[in-house]
Amino acid sequence: MVKEQLEVLRALDVAKTQLYHFTAIFIAVASGLSLGNHPKAVMATLCFFRFWLGFGIGGDYPLSATIMSEYANKKTRGAFIAAVFAMQGTGILAGGIMAIIVSSIFDKQFPAPAYQVDALASLPPESDYIWRIIVIFGAIPAALTYYWRMKMPETARYTALVEKNAERAAADMSKVLNKEIKAETEMVERMTADASNSFGLFSMQFLKRHGLPLLGTTSTWFLLDIAFYSQNLFQKDIFTAIGWIPPAKTMSASEEVFKIARAQKLIALCSTVPGYWFTVAFIDIMGRWAIQMMGFFFMTVFMFAIAFPYNYWSKKENRIGFVIMYALTFFFANFGPNSTTFIVPAEIFPARLRSTCHGILAAAGKAEAIIGAFGFLYAAQNQDPKKTDHGYPAGIGVKNSLIVLGVINFIGMLFTFLVPEPNGKSLEELSGENDGDDGENEYPRQGNNRSVPV
C-alpha cells in the first residue's frame with residue numbers, strides 16, 4: 001500500500017514538472033498570438049498569457065536550481081548551479097539578437113517616417129508583428145529541451161529523504177552516473193525517522209533553525225530585484241538622456257526597437273554576460289557570501305558615482321565614461337547578488353522544503369520586479385511636466401531615481417550579513433538533516449570565520 005502511494009506521489013511530481021515546462025512553451029507561443037480589436041484588448045490578452053507564463057517558469061525556476069544542487073558534489077556545487085543561472089545571459093543575448101534581426105528586416109521592408117514627421121505613419125500595421133515574432137521565439141529553447149527534461153529522474157535526495165525510498169534513489173543514481181550505487185537503507189531510515197527532520201514550513205522548529213537565513217535570502221533577493229529590474233527597464237531613458245540613442249520622436253517604431261536593442265545588447269555583451277561567468281569561475285573559490293557582499297558594495301558605489309555628478313555625465317563628451325560605469329553596475333549585479341540569490345536558497349534548506357523555500361524567495365524577488373517595472377518608470381520621468389514622456393506625470397528624475405537605487409543596494413549589503421555561507425559543506429550539513437540537535441543547527445558566517453548558531 002505504501003509503495004503504491006509513493007508511486008502515485010512520484011507520478012504527480014513528474015506530472016507537475018511536465019506541466020510547468022509545457023506551460024512555458026505553450027504560453028510563450030500564445031503570448032505572441034495575443035488577440036484583440038483594439039490595443040487595450042491586446043494588452044489584456046497578453047497580460048493573461050504572461051501570468052500563466054509566470055506560473056510555468058515560476059515552477060521551473062526553483063526546480064532547476066534544486067535539481068542541480070542535489071546532483072552536484074559539494075566542491076563544485078556552486079559553479080554548477082551558477083552555470084545553470086548563467087544560461088539566462090545566453091537567453092538575454094539571443095533575445096536581443098533576435099530583436100535586432102527582426103526589427104532591421106521590418107525597417108527595410110516597411111520604411112516609415114519618424115514620429116515627429118508623421119506620428120501615425122511612424123507605426124505601420126506590419127510593425128505589430130515585430131514583438132510577436134520575438135516573443136514566440138522564446139518558446140524554441142524550451143521546446144528543444146522538453147524531451148530530455150522529461151527523461152530526467154527525480155533527485156536521489158528527494159527520493160530517499162522525502163519519498164523514503166533508498167532503493168529507488170540508488171537505482172536512479174546508477175542510471176545517471178552509469179555505475180552501480182549501493183542503497184544506504186539504514187542511514188535513510190535513521191534520518192527520516194528523526195523527529196527533528198520532519199518539521200513543517202510554518203513550525204517553530206523551522207523558524208528557529210532556518211528563520212534568519214530565510215529572512216536574509218528573501219530580503220536580499222527582494223532588494224536586488226528592485227534595483228536590477230529598474231536599471232533594465234529605464235535603460236532607454238538613461239541612454240536617451242546622455243545622447244547614446246536619439247530621442248524617440250526622431251525615430252520610427254521599428255528603428256527605435258533596433259537602436260534600443262543594439263544598445264542593450266552591447267551592455268549585456270560587455271558586462272551582464274561576463275558577470276555570470278565570473279561567478280561560475282570564482283564562486284567555489286571566494287564563496288557565496290563574499291561575492292554577494294562585493295556585488296552589492298560595488299553596485300552601490302557605481303550607482304552613487306553615476307547619480308551625484310549626473311549633470312557631468314550627461315554632457316556628450318563624458319557619455320562613454322557614463323556607459324562604462326553603468327555597465328559595471330550590471331557586471332557586479334551578476335558577479336554578485338543576482339547570481340548568489342539564486343544559488344544559496346538551493347543549498348541551505350531541507351530536501352523536503354528546498355524547492356518551496358526557493359520558490360518563496362523567487363516570488364518575493366518578482367514582487368519587487370513589479371515595483372521596479374512600474375514605480376521607477378514613473379519615478380524616472382523628468383521633474384518638468386513639459387518634458388515627460390507622453391502619458392506620464394512628472395517624476396523625481398533619473399538622477400534622484402539612481403540615488404534611490406543606490407540606497408536600496410546599500411540596504412541589500414546590510415541584509416547580506418544574515419545570509420549563511422554554504423561553500424564547501426554538504427547539503428545535509430547545511431540543512432541539519434544528518435544530526436539530531438533539535439534545531440540547534442549552525443550556519444557558517446563569513447564575517448568572523450567561525451560558526452554562529454541561529
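Helix α12 is mostly covered, with 14 of its 20 residues buried, where buried means under 20% relative accessible area with a 1.4 Å probe, counting protein chains only. Helices here are DSSP runs of H or I with at least four residues, strands are E runs of at least two, and both are numbered from the N terminus. Spanning residues 288–307, α12 reaches 28 Å from its first C-alpha to its last, close to the 28 Å expected at 1.5 Å a residue; that expectation is 1.5 Å times one less than the number of residues.

A word on the source: this is a predicted model, in which local features need pLDDT of at least 70 and side-chain atom pairs count only at pLDDT 80 or more, while totals for chains, interfaces and linings use all residues. Residues are numbered from 1 along each chain as its sequence is written, and side-chain values use heavy atoms, leaving out hydrogens and water.

Now look at the neighbour, α11 (residues 253–286), which packs against α12 at an angle of about 120° with the axes 7 Å apart. The contact (heavy atoms within 4.5 Å) involves F282, I283, D284 and M286 of α11 and R288, A290, I291 and M294 of α12.

Stepping back, the protein chain has 19 helices and 2 strands, and 47% of its 454 residues count as buried. Of its contacts with a separation of 6 or more, 75% join residues 24 or more positions apart. Elsewhere, residues 129–148 are 95% helix and 0% strand, with end C-alpha atoms 32 Å apart, while residues 401–419 are 79% helix and 0% strand, with ends 27 Å apart.

Definitions and conventions
Buried < 20%, exposed > 50% of the residue type's maximum accessible area, 1.4 Å probe, protein only. Axes fitted to C-alpha atoms, helices over the stretch in contact; angles between N-to-C directions.
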